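Trainee: I would like to understand how the labels given to residues follow from their values. Could we go through some of them together?

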Amino acid sequence: MGYDEEESSIPTRGANMVPESSILRYNSSLVQVALIGVVCFCCPGMFNALSGMGGGGQVDHTAANNANTALYTTFALFGILGGGIYNLLGPRLTLVSGCSTYVLYAGSFLYYNHHHSQTFVVVAGALLGVGAGLLWAGQGAIMTSYPTTKRKGTYISIFWCIFNMGGVIGGLIPFVLNYNRGEAASVNDGTYIGFMCFMALGAILSLAILPPSKVVRDDGTLCTHIKYSNVSTEFVEILKLFLNWKMLLIVPAAWGSNFFYTYQFNNVNGELFNLRTRGFNNVFYWGAQMVGSAGIGYLMDFSFKSRRKRGLFGIAVVGLLGTVIWGGGLANQLRYSRGDESKIGKLDFKDSGAAYAGPFVLYFSFGLLDAMFQSMVYWVIGSLADDSETLSRYSGFYKGVQSAGAAVAWQIDVHSISFLNQLIINWVLTTISYPILLLLVMLAVKDDNETQEQAQNEALF
């Protein structure tokens, strides 16, 4: 059971060695990471654009909030199980199964536009949680295990840039199609159909992903040395994650890393701006993510010779920037509260002048911080191991805990918790994660020379 993997991850001279200049070959780490980036561009990238409009593009956020609660509840379970499922089924079947659920989810809002029944939307959300758990566990394994140890930050940023280009293009879809509907209640049918077309393309492209046993890194090493996997092995290994001290230290960062989406999408972009401006803002929100991931990826790979120092420095930079941005969010939030929207009016990028500038810069900065925070956490996870099987489980655990937090966040908004309290919760959750991540890096991340010595010792024995 599972896909066959025989080759060792330790470099050996001979047929398995590949010249470093051949980075654009189909079985290279770069091509495969870029390919999973394109898949995520089409599926979760478009989902992000849809969610970023607030309420899934609907004036009433209730259906989208309930669907997202169902989504992240099942995502929490299948995110944790996803790493084991990926190791059993391999990337192609795992990814195509996950991607297909995104098409159904977008289609459910097309249905809601005409029938206003929440049932289909909530069921589609629950199924998407299953699919997203599979997709992101596979994505995490590919993004963190395929690169060499010295270039994990760079490859994470490459993936993040391609993936978030989906949010940029996805933001343009509602912006263009609803440009002349500034006061419209909900997006039109063409918006949802456009999202569905991209998502279907992503499902097809996922079939082009190679299993880790066939991927050769730039230095000639293979991405896995595990011969096979089975259900009992994966079940035991997944249970061990809950006792793994490294994963327990990841929990605060994982819980908070999607928690803030509800506040940012619904209560900043969805409350302060009209329909066409929300799409316009999303272009820059996801564009900011590309900038943020590229910046933190550079710091994590090139700021210091020592990998441990790079990790500590990167976390400190993100922590400082996060404090500044959430402080700006507090200043903005003190200007309005739940129920005050009619008093301040909906801002328009074209007509509101200077009043639009401050909230726009804040929303842009939220996107920048999101990418830097998540890329930083993925870099830490990728530094804890080097083989695809282990990192698929680590990534699945991270996404599972992340999704459990998101499920709670959507219900907090459903129950009309004040905007200010939501902001404070988000700020506290991300802030407490920084010192814990610093501790994890100090205790568990090894410098490159230590990693090489360990690999050589394992090869000898």
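Mentor: What follows is a set of questions and answers on a predicted model, with each label set against its cut-off.

Trainee: Why is the contact of R217 with D386 called a salt bridge?

Mentor: The closest N and O atoms of R217 and D386 are 3.9 Å apart, and the rule asks for a side-chain nitrogen of Lys or Arg within 4 Å of a carboxyl oxygen of Asp or Glu, so the pair qualifies. The pair links distant parts of the chain, with R217 in the loop between α7 and α8 and D386 in the loop between α14 and α15, 169 residues apart. R217 and D386 also belong to a network of salt bridges that includes K152, and by this rule the count comes to 8 salt bridges.

Trainee: How do you know whether R217 is buried or exposed?

Mentor: R217 has a relative accessibility of 2%, and buried means under 20%, so R217 counts as buried.

Trainee: What makes R276 and D351 a salt bridge, and what does the pair tie together?

Mentor: The N to O distance between their side chains is 3.8 Å, and the limit is 4 Å, so R276 and D351 meet the rule. R276 lies in helix α11 and D351 in the loop between α13 and α14, so the pair ties together parts that are 75 residues apart in sequence. R276, at 10% relative accessibility, counts as buried, whereas D351, at 62%, counts as exposed, because exposed means over 50%.

Trainee: Why is R308 called partly exposed, and why is D447 called buried?

Mentor: R308 has a relative accessible area of 23% and D447 has 15%; since the cut-off for buried is under 20%, D447 counts as buried, while R308 is partly exposed. These two residues form a salt bridge, with the closest N and O atoms 3.5 Å apart, and the pair links R308 in helix α12 to D447 in the loop between α16 and α17, 139 residues apart.

Key. Residues numbered from 1 in each chain as written. Predicted model: local features only at pLDDT ≥ 70, side-chain atom pairs only at ≥ 80, totals over all residues. Heavy atoms only, no water. Helix = DSSP H or I, 4+ residues; strand = E, 2+ residues; numbered from the N terminus. Buried < 20%, exposed > 50% of the residue type's maximum accessible area, 1.4 Å probe, protein only.
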